[in-house]
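Hello,

Here is the structure you will be taking over. My notes on what was found in it follow below.

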Amino acid sequence: MTTSTYTVIGMACGHCADAVTEELERVPGVTAVRVDVEADRVSVTSDQELDLAHVRAAVEEAGYELTAPRA
Amino acid sequence: MRPSSDSDPKEFITAFFTSFSEDLLRDDEDPASIVDRYHTTDIIEIADGHRMDRDKLIAHTRPVRKNRPSSRMEVHEAVADGDRIAARYTLHVQQREKEFAMEVYFFGQFTDDGRMRRAHMLTRTVPAGGKGDQATALSNQGAPA
């Protein structure tokens, strides 16, 4: 089980958080998503190593922008 | 356009949000210019406890443009006091093959030329396609036939 944290730009409210969560939960291996709208931060827990391209595609599908994984 | 002086607050708030959305979706105009046309540069919006300043508002135009929601605003009531407006409305939204509705309790402050300076909003999701006006429905139930 691993948790990675990403910076996602453009989220403004709970509805934005729901949209990002919904798309990320479709990525194979993802077991949990936690969104901090004010910090532009999304934590994704998965049971396998995630491909950054898949995470980015999911975030962009929701309409938002993933800038970089956070340390 | 000062909300209390020359326009009905219901019409003002409807025109404000409708026009802002239409401008964002019309073409590729710089989103910062559009945001600044409708908001002061020191705008602070707090929606469900989430604080948005000008930069966050500009960033939020990206998902709006990507998802291109079509929305209809149904203002149930609005009152103005000087430069402030309080309103209760339902936003009916259709985007990305999904339909949802949000009931919004809004308190805002505007400049003389109609730009938003401050806003506090509480929202809750209501069934899509409904009237979204529970308070009016309840009061009508008790009204004489």
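In this predicted model, about 1500 Å² is buried between chain A and chain B, and carbon and sulfur atoms give 47% of that area. On chain A, the residues A12(A), H15(A) and E38(A) supply 35% of the area that the chain buries against chain B, more than any other three residues. In terms of contacts, 19 residues of chain A meet 16 residues of chain B.

There are three salt bridges between chain A and chain B. One of them joins K98(B) to E22(A), with the closest N and O atoms 2.7 Å apart.

On the side of chain A that touches chain B, the elements giving two or more residues are α1 (14-24) and α2 (52-61) of chain A. Of these, α1(A) gives the most, with five residues. By class, this side of chain A has eight nonpolar, four polar and seven charged residues.

The other item is the largest pocket, which has a volume of about 1100 Å³. Its lining consists of 43 residues, and H60(B), V64(B), L91(B), V93(B) and M102(B) lie nearest the centre. Elements that give two or more residues to this lining include α1 of chain A, as well as α3 (54-67) and β4 (84-95) of chain B. The largest share, seven residues, comes from α1(B). The lining divides into 23 nonpolar, twelve polar and eight charged residues.

Regards

Methods. Residues are numbered from 1 along each chain as its sequence is written. Chains are lettered from A and ligands numbered from 1 in the order in which they are written. This is a predicted model: local features need pLDDT of at least 70, side-chain atom pairs count only at pLDDT 80 or more; totals for chains, interfaces and linings use all residues. Side-chain values use heavy atoms; hydrogens and water are left out. Contact means heavy atoms within 4.5 Å. Buried area is the accessible area (1.4 Å probe) that two parts lose on being put together, summed over both. A salt bridge is a side-chain nitrogen of Lys or Arg within 4 Å of a carboxyl oxygen of Asp or Glu. Helices (H or I, at least four residues) and strands (E, at least two) are DSSP runs, numbered from the N terminus. Ala, Val, Leu, Ile, Met, Phe, Trp, Tyr, Cys and Pro count as nonpolar, Asp, Glu, Lys and Arg as charged, and the others, Gly among them, as polar. On a 1 Å grid over the protein atoms alone, a cavity is a set of points where a 1.4 Å probe fits but cannot get out, and a pocket is an open set with protein on both sides within 12 Å along at least five of seven lines; lining residues have an atom within 4 Å of a point. Grid points are joined across faces, edges and corners, and a volume is the space filled by probe spheres set on the points.
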